[in-house]
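Here is a short report on helix cover, salt bridges and disulfides. Please look at the structure first.

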Amino acid sequence: MFNLELCERDTRRAHFEGPRPRRTRRALCRPLICLAALVALVGACSDDYDDRAPAAGAGGDRGDTIPWGACPDDFTSECATVPLPLDHARPTGETLPIFVSRHRAAGAARAQMWMLQGGPGASGASFKDAIERLFAPLMPDVDIYVAEHRGVGLSSRLGCPVEEGPGSEQGALITDSEWPACIESLKDQWGDALEHFTTTADAEDVAGLIERAREPGKKVFVYGYSYGTMRALRLMQTHPELVDGVILDSIASPGVEFVSQYDLQFDPVAKELATLCAADPVCGAKLGADPWATLTGVVAKLDAGHCAAVGLDGQALRQIYPFFVRIRELRAHLFPLVYRLERCHDGDVAALQHYVGVLTPLLQGAERADRDSVVLQFHVSLSEGWEEPAPSAAELQARCASQTFCPGIAVSAAPIFDRWPRYAHDQYVNQWPSSSVPVLAMNGTLDPQTPIGKARAAADRLTAPHQTFVEVPFSPHGVAFESPVKTPGQATCGAQMMKGFIADPTAAPDTSCLGDLVPVQFTSEPAEVRRYFGTTDPWE
């Protein structure tokens, strides 16, 4: 359903899920979904930034019904905090501060693009580099907005200060033993107000912000990424004709994609990668005619004590290997590692130990506990991202045990499900919108987080004129960022299609870049090999 690696990190920031016993993973998942095109999240909030709403009129003469002012360092380039109703059914009642940022067009803007991050619980701060390095140069005549989900970052973040504090068991990561106290503190702090931290309430927030920022002559588009696609679809449900076009990237299909099924989604993509490996001259020669059998055999051997000097058992490998399935840059490393683990000569052990030593701190990265919210992630996922009736903990464990690649996300969430203060479903949950707004929906064929088989529901349900579903070969999660092309200097295929759609949402999408896609690579640059493996050859 979601990117489910909180938060969408690149390979330098992805959250490591190694063999740490009795530990609830920080991500119900993204993510995270992983934005490999994004450079790492930068900096913390600047010391002099005031998270209260700036003085009215600070933003100039365009869209100044929102009081634009300075931004914290990890957003670009104008920001504001807008009080919006806690309960949108009571518009004059209590309010929540909701955070929004804007990157103005280089010149006269012809359109607005509103970006909705996923997670759930992931902060739009991770869009900063994508905006500055990809979207703004590609579309210099578009104002780009980021609407922060309520409950995240500077939008009334949900958190547990004690359990996420420096004195807790695992710092920002909340452990199994800490969740009961965390849940009670949430109830004490928010009470019944927790029922208003929903996808539908977020849609109303986004609609209110769009209305305040709308300017004559500018079309309005919404871009949703991962769980952000559910946010965009919910906006289409609550406000069917509000915007001029919607872009869905890596689709969380309502009623089809569930967090409780997440642990079943990695093996199918890993098998596809194994098939591509078998067809590759080098990878196939090393792994043989059935690389998948070789891979599963290595996991079984590790369970039996094979290659113990590396310090990995089969269970640890099952939890680590999903990163190699979902992160495009690491896919070239997957099968050389399998090859070396099976052979396990002294040189292999040295290379593998070097690899683990390099990768582990990079995957652990720097958590943004002040931005992302694992609490909101659980709140939304367990309330409307879970199957009904809910599968038992035993069933979830059996699902995980049936897989070679199992991140253990649903298994980790199972003990919390019954005690969580879940909110009730409204009429929109698990439903699709009925809207005539043009839609460009994109999903990678090698995406384990929103699998292509589930994403294809968009083609069946979004059938109005100018609503198009595009399958993008080779791409993992995040087509806008993860669909590189062969032609030097060109933006990703996903970004190219977005640009064309924003230029004319009623025209047939230009999908010619699909023929220029870079296929799955099983080789790496020499400098990358030296960095990760400590050798000149990843295989030998």
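What is the handedness of the disulfide of Cys160 and Cys182, given the torsion about its S-S bond? The torsion is about 70°, so this disulfide is right-handed.

## Basis

This is a predicted model: local features need pLDDT of at least 70, side-chain atom pairs count only at pLDDT 80 or more, and totals for chains, interfaces and linings use all residues. Residues are numbered from 1 along each chain as its sequence is written, and side-chain values use heavy atoms, with hydrogens and water left out.

## Disulfides

A disulfide is a covalent bond between the sulfur atoms of two cysteines. Here the term is applied to a pair of cysteine sulfur atoms within 2.5 Å. By this rule the count comes to six disulfides. With bonded cysteines counted along the chain, their pattern is 1-2, 3-4, 5-6, 7-8, 9-10, 11-12.

Cys160 and Cys182 are one of the bonded pairs, with sulfur atoms 1.8 Å apart. The pair links distant parts of the chain, 22 residues apart: Cys160 lies in the loop between β4 and α2 (179-190), Cys182 in helix α2. Helices (H or I, at least four residues) and strands (E, at least two) are DSSP runs, numbered from the N terminus. Both Cys160 and Cys182 are buried. Buried means under 20% relative accessible area, exposed over 50%, and partly exposed in between (1.4 Å probe, protein chains only).

Cys493 bonds to Cys513, with the sulfur atoms 1.9 Å apart. The link is right-handed, with 70° about the S-S bond. Cys493 sits in helix α17, and Cys513 in the loop between α17 and α18 (526-533), 20 residues apart. Both Cys493 and Cys513 are buried. Cys400 is joined to Cys406 (S to S 2.0 Å). The torsion about the S-S bond of Cys400 and Cys406 is about -120°, so this disulfide is left-handed. Cys400 is buried at a relative accessible area of 11%. Cys406 is buried at 2%.

## Helix α1

Is helix α1 (residues 128-138) mostly covered or mostly open? Mostly covered: eight of its 11 residues are buried. They are Lys128, Asp129, Ala130, Ile131, Leu134, Phe135, Ala136 and Leu138. The cover over the buried residues of α1 includes strands β2 (95-103), β3 (111-116) and β4 (142-147). Helix α17 (493-503) is also among the covering elements.

## Salt bridges

A salt bridge is a side-chain nitrogen of Lys or Arg within 4 Å of a carboxyl oxygen of Asp or Glu. The whole structure holds 24 of them. One pairs Asp141 with Arg110 (2.4 Å, N to O). Asp141 is in the loop between α1 and β4, Arg110 in the loop between β2 and β3, 31 residues apart. Asp141 is partly exposed at 23% relative accessibility. Arg110 is partly exposed too, at 31%.

Glu215 and Lys218 also meet in a salt bridge (3.1 Å, N to O). Both Glu215 and Lys218 are buried. Lys301 pairs with Glu342, the closest N and O atoms being 3.6 Å apart. This pair links distant parts of the chain: Lys301 in helix α7 (residues 291-303), Glu342 in helix α10 (residues 328-343), 41 residues apart. Lys301 is partly exposed at 36% relative accessibility, and Glu342 is partly exposed at 34%. A network of salt bridges links Lys286, Arg340, Arg343, Asp348 and Glu540.

Definitions and conventions
Contact means heavy atoms within 4.5 Å.
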